[in-house]
Amino acid sequence: MEEVKREGIDIFFCVDISNSMNAEDIAPSRLERSKQSINKLIADLRGDRIGVIVFADKAFVQLPITTDYSAAKMFLSTVNTSLVASQGTAIAEAINLAVKSFSDDERSKAIVIISDGEDHENDAAMKAAEEAAQLGIRVYTIGMGLADGAPIPEYNQYGHQTGYRKDSQGNTIITKLDEQMLQKIATAGKGLYVRASNSNVGLEKIYSDINQMDKSEIE
């Protein structure tokens, strides 16, 4: 056994897994592209600890904070919209859960929310981000989705697409990015907001800002 020291920051990725994240305006889908970009970032990490929280109507810890990047990739691969039965976008709950799930040490901490922002309780999310910032935890947001929006695919139990989600009048639902709300959350959380595009999700920009934070040593 050999004791090694690493310098880094603790980062919780809070990933929206509501059905609207299946929309394909960001290819191959909002959720799949989010997972790909986190995976790509994990490959470049050295001393940072990361954790994953997933949320729709409720939030739960998919992966507690760790330096085990292989485990992080494995847990990330299991993330999909069927993990949570009831729909919603509980951003406030995800932020509060991340704050509670960080360890109590002095390390710099950041929360990265990846969502299309379709939240119906945005005041609560801004308040949660503000409270996190008061504890020295920065809150960043990435907007997944394009301005025009996209329909939400529906799948059968075998994973084959059966059509698109419709409202009670039989009209196809178009899910749009709520950019304004995600910007407000990032401002309240003293972080940055980045809008994803098909060429770039924007995680590198956020990570380079996080990287400016004070790093502390772990053994």
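Which residues does serine 34 touch, not counting residues up to four places away in sequence? They are Met21, Ile114 and Met144, with contact meaning heavy atoms within 4.5 Å. Serine 34 has its place in helix H1, and it counts as buried because its relative accessibility is 0% (buried is under 20% relative accessible area, exposed over 50%, partly exposed in between, with a 1.4 Å probe and protein chains only).

A word on the ground rules. The model is predicted, so local features need pLDDT of at least 70 and side-chain atom pairs count only at pLDDT 80 or more, while totals for chains, interfaces and linings use all residues. Residues are numbered from 1 along each chain as its sequence is written, and side-chain values use heavy atoms, with hydrogens and water left out. Helices (H or I, at least four residues) and strands (E, at least two) are DSSP runs, numbered from the N terminus.

Now for the sheet. Six strands make up an open sheet with mixed pairing, in the order S4-S3-S2-S5-S6-S11; two strands pair if DSSP finds at least two bridges between them. Strand S4 (59-66) and S11 are at the edges with a single partner strand each, so one side of each has no neighbour in the sheet. On average, neighbouring strands are turned by 15° against each other, direction ignored.

Six of its seven residues are buried, so S6 is largely enclosed by the rest of the structure. S6 pairs with S5 in the parallel sense over seven bridges, and isoleucine 111 has valine 139 in S6 as its bridge partner. The pairing of S6 with S11 is also parallel, over four bridges. Here threonine 141 has tyrosine 193 in S11 as its bridge partner, and isoleucine 142 stands opposite valine 194 in S11.

Then there are the helices. H1 lies across S2, S3 and S5, and runs at about 165° to S2 (axes are lines fitted to C-alpha atoms, for helices over the stretch in contact, and angles run from 0 to 180 degrees between N-to-C directions). The axes of H1 and H2 come within 10 Å and cross at roughly 175°. That makes H1 roughly antiparallel to H2 (angles under 35 degrees count as roughly parallel, over 145 as roughly antiparallel, 65 to 115 as roughly perpendicular and the rest as oblique). Lys35, Ile38, Asn39, Ile42 and Ala43 in H1 meet Tyr69, Ala72, Lys73, Leu76 and Ser77 in H2.

In helix H6 (residues 203-210), the buried residues include Leu203, Ile206, Tyr207 and Ile210. Down the axis of H6, its buried residues fall within an arc of 100°, so they line one face of the helix (the arc is that of the directions from the helix axis to the C-beta atoms). They pack against S2, H1, S5, S6 and S11.
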